[in-house]
Amino acid sequence: MKTTAYGIKNCDTIKKMKKWFEAENIEYQFHDYRVEGLDLEMLEAFEAALGWEAMVNKRGTTYRQLSDEQKDGLNRDTAISLMLEFPAMIKRPLLVHNESHYLGFKPAQYQEIFASHVAAK
């Protein structure tokens, strides 16, 4: 079982996710975009699995600070370019578990994703 969570460590949702993993005793790796970086190849792989529209966190400060022109002109290429420049614009966490991709953190969803592990406790 290989699990990697991507995000930014000071994000409240990331903190909740980390507490959930600890409580369930599930091993995972955490990749902080700001510390470990984000490259085009990684971002394109995420986009291929999830779609750029789902990845853009439109409720976040970073997105809200974009100009109206940037928001109106958003398409796959501009979104990838902006997410590469502003990783905080990516919905968090972005979870890759056994080569499947998930966005966001909801305990019920994580219970399903890790059902076999949680049931074995």
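This is a predicted model: local features need pLDDT of at least 70, side-chain atom pairs count only at pLDDT 80 or more; totals for chains, interfaces and linings use all residues.

Modeller: Residues are numbered from 1 along each chain as its sequence is written, and side-chain values use heavy atoms, with hydrogens and water left out.

Colleague: What is the strand order in the open sheet?

Modeller: Strands here (E, at least two residues) and helices (H or I, at least four) are DSSP runs numbered from the N terminus, and two strands pair if DSSP finds at least two bridges between them. E1 (residues 3-7) runs antiparallel to E3, joined by 4 bridges, and 4 bridges also link E1 to E2, this time in parallel. E3 and E4 (residues 100-103) are antiparallel, again with 4 bridges. That gives mixed pairing and the order E2-E1-E3-E4.

Colleague: Which strands have one side left without a neighbour in the sheet?

Modeller: Each edge strand has a single partner, so one of its sides has no neighbour in the sheet. The strands at the edges are E2 (29-32) and E4.

Colleague: Which residue of E2 stands opposite Tyr6?

Modeller: Tyr6 has Leu94 opposite it in E3. Over in E2, the residue opposite Tyr6 is His31.

Colleague: What angle does H3 make with E4?

Modeller: Axes are lines fitted to C-alpha atoms, for helices over the stretch in contact, and angles run from 0 to 180 degrees between N-to-C directions. H3 (residues 40-50) lies across E1, E2, E3 and E4. Its angle to E4 is about 85°.

Colleague: And Met17: is it buried or exposed?

Modeller: Met17 sits in helix H1 (residues 12-24). Leaving aside neighbours within four places in sequence, its contacts (heavy atoms within 4.5 Å) include Ala5, Phe30 and Pro93. On the cut-offs, buried means under 20% relative accessible area, exposed over 50% and partly exposed in between, with a 1.4 Å probe and protein chains only. Because its relative accessible area is 0%, Met17 is buried.
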